[in-house]
Amino acid sequence: MPAPARQSATRDRVSGPRSRVSLLRAALLRRARRLLGRSGTPGWTVAVPVIALVAGLMFAVSSRTANGSDLRSASAEVKQVIHDRARENQQLEQQRGVLAAQVKTLSDNLAEHDASTDALAAQTAQAEAAAGLTEVHGPAVRVTLTDAPLGPDGELPPGARPDDVVIHQSDVQGVVNAMWAAGAEAVMIQDKRLIMTSAVRCVGNTLLLGGRVYSPPFVIVGLGDQDAIEQALKKAPGVQLFLDAVQAFGLGYDVERRADVTFPAYTGGLGVSHAKATG
């Protein structure tokens, strides 16, 4: 396997550390200026609605930050409950694996003596592959997100707040969305395969995914056209905002190619609690 090519984050310089809200505000203002610069209509005709939109977004972000959110809960009790549930989920997942193996054995035995069952098994295999329920492998792009390093005594970078130096749900989701948009055949976070209905949640400085808790650094891998995935990462707005924070606060962002990565089959719930036959 060739040595991975490491891509460092290159962005316009940010004049001094600023909060994530400030970085988002700056990005929105840059967008507004670009829209005004491209317009051939009188300035205020375009400026008024654009400024109103930017102001509304800024107020929404400021309000969300002031009131807090469930992305970075500081409650020790909530974290303990989540860890307890994660252990229970892991035990149930192991039981599900045992039962699934028994069902497969019984189905294979039945298919040997029943042509209709054999045909149904073939259709099921095709559907499972499309849904991410089978193992796949191939060339991939790996992205690693890391929290910013603190000082010797745990001090923050100058001008930074605790929320500015950690990975957020939106950072992880921005990378995942870019990979899907690039046509990735499969996406994986840490050792967990994702499907289109997978939800990514942050609790404190940990990631909650499929009933399990993961700590940073967060590794996100997309299987597919490596050029397309890298281009999508460069253009994705969510990734660009994170790269601003990389420059301002020292968070980590590494992109590397992998010649061949094996993705396990997705083993979590499919989001369907019940079904009803019609017609």
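Visitor: Is Arg257 buried, exposed or partly exposed?
Guide: Relative accessible area decides: buried means under 20%, exposed over 50%, and partly exposed in between (1.4 Å probe, protein chains only). Arg257 has 28% relative accessibility, so this residue counts as partly exposed.

Visitor: What kind of model is this?
Guide: Residues are numbered from 1 along each chain as its sequence is written, and side-chain values use heavy atoms, with hydrogens and water left out. Local features need pLDDT of at least 70, side-chain atom pairs count only at pLDDT 80 or more, and totals for chains, interfaces and linings use all residues; this is a predicted model.

Visitor: Which residue meets Arg257 in a salt bridge of 2.3 Å?
Guide: A salt bridge puts a side-chain nitrogen of Lys or Arg within 4 Å of a carboxyl oxygen of Asp or Glu. Arg257 meets Asp227 in one, at 2.3 Å from N to O. The partners are 30 residues apart, with Arg257 in strand E9 and Asp227 in helix H6. Helices (H or I, at least four residues) and strands (E, at least two) are DSSP runs, numbered from the N terminus; the partner in question is Asp227.

Visitor: Is Glu230 buried or exposed?
Guide: The side chain of Glu230 also forms a salt bridge with Arg257, at 3.0 Å from N to O. This pair links helix H6 to strand E9, 27 residues apart. Glu230 has 15% relative accessibility, so this residue counts as buried.

Visitor: Which strand do ten bridges join to E2?
Guide: Strands pair if DSSP finds at least two bridges between them. E2 (residues 136-146) has six bridges to E8 (residues 218-223), running antiparallel. There, Val143 has Ile220 as its bridge partner. Ten bridges, also antiparallel, join E2 to E9.

Visitor: What type of aromatic pair do Phe242 and Tyr253 form?
Guide: Rings of Phe, Tyr and Trp (its six-membered ring) pair if their centres lie within 6.5 Å; planes under 30 degrees apart count as stacked, over 60 as edge-to-face and the rest as tilted. A search of the whole structure finds one such pair. Phe242 and Tyr253 have centres 6.1 Å apart and planes at 65 degrees, which is edge-to-face.

Visitor: How far apart are the end C-alpha atoms of helix H5?
Guide: The expected span is 1.5 Å times one less than the number of residues. H5 (residues 169-181) has 13 residues, so it should span 18 Å; this agrees with its end C-alpha atoms, which are apart by 18 Å.

Visitor: Is Ala130 buried or exposed?
Guide: Ala130 is found in helix H4 (residues 115-130). Its relative accessible area is 73%, so Ala130 is exposed.
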